[in-house]
Amino acid sequence: MKTGITGGIRLPVPLRFRRGGHRKDPEKSLQSALDLLKWVDGHRPLEGARILDFGCGVKVAQALCQLDSPQAAYAGLDLYAEMIAFISEALRGDDRYAFYTVPFANEMYNPDGEEMHAGSELPLGDQRFDTLLMFSVITHMTPADTAAVLAILRRYASADARLLFWAFADPDQPEDFRDDNPARPLLRAKYNRDYLERLIAGAGWDIVLREPVGRAHRKERYVCSPAP
Ligand SMILES: C[S@@+](CC[C@H](N)C(=O)[O-])C[C@H]1O[C@@H](n2cnc3c(N)ncnc32)[C@H](O)[C@@H]1O
């Protein structure tokens with residue numbers, strides 16, 4: 001898989017729609033997404049995959065474009081309607097991409113939205129996906145929303161799917177959950193690792209892999225498969 005940016009950025013994204021630590025540098029931002037996809041590809045090949053990206057932002061779609069769109073299908077869902085409108089328009093006419101605005105509440109991003117629960121439907125009908133992504137999303141979710149979204153995604157997973165996501169998961173944190181900066185709700189949603197892993201199992205997922213992303217915030221990346 002190519003990992004460098006050659007021939008320039010194919011799908012430029014305005015700063016206001018970019019997320020993450022490298023958002024102010026378009027090349028670094030895209031490169032971080034390409035690195036992420038390389039990791040995904042190692043666990044579930046992108047070629048021909050049906051990908052569901054919850055809390056999608058723009059980065060994964062932008063990186064897939066840069067890679068000549070190897071996937072069979074990509075469905076990106078987010079509660080940020082203006083961003084979804086931008087990326088839908090940018091990829092209009094390419095039927096490998098579909099984007100949806102979801103109505104859910106999140107204290108950081110959408111305090112007036114609808115409560116999410118395990119039975120909440122996504123606008124995806126009876127589609128099933130091989131690769132389910134949730135990067136930097138649980139890092140901004142309450143335990144109730146984390147449990148709900150894990151259960152929701154389970155219903156849209158094919159039998160041999162992989163769910164890949166990041167979370168703050170600290171084996172030594174005394175509380176099950178801590179909102180690290182109450183002045184900025186859900187900026188950093190931190191979990192006790194055993195507690196988070198009980199939520200994962202309770203939603204019907206087996207953990208295939210857990211590995212640290214970096215040491216600063218005890219961030220872990222998880223690969224899960226549907227429990228039989
Ligand atoms: C830090 S950004 C990460 C975006 C993208 N996954 C990435 O890695 O660049 C978190 C995203 O999750 C979305 N989000 C948070 N809570 C959500 C929810 N309950 N439903 C849908 N999207 C949500 C936000 O709107 C935001 O775009």
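Start by selecting Asp-130 and Arg-44: they form a salt bridge, with their closest N and O atoms 3.9 Å apart. (A salt bridge here is a side-chain nitrogen of Lys or Arg within 4 Å of a carboxyl oxygen of Asp or Glu.) Color the surroundings and you'll see Asp-130 in strand 4 (residues 129-134) and Arg-44 in the loop between helix 1 (26-43) and strand 1 (50-54), so the pair ties together parts that are 86 residues apart in sequence. Helices (H or I, at least four residues) and strands (E, at least two) are DSSP runs, numbered from the N terminus. The whole structure has 15 salt bridges.

A quick note before moving on: this is a predicted model, where local features need pLDDT of at least 70, side-chain atom pairs count only at pLDDT 80 or more, and totals for chains, interfaces and linings use all residues. Residues are numbered from 1 along each chain as its sequence is written, and side-chain values use heavy atoms, leaving out hydrogens and water.

Now look for polar contacts, meaning pairs of N or O atoms within 3.5 Å. At Gly-55, a backbone N or O atom lies 2.7 Å from a ligand nitrogen. Select Asn-106 too: an N or O atom of its side chain is 3.3 Å from a nitrogen of the ligand. Leu-79 brings a polar backbone atom 3.5 Å from a ligand nitrogen.

Terms used:
A polar contact is a pair of N or O atoms within 3.5 Å; within protein, one must be able to donate a hydrogen and the other to accept it, and residues adjacent in sequence count only if both atoms are side-chain atoms.
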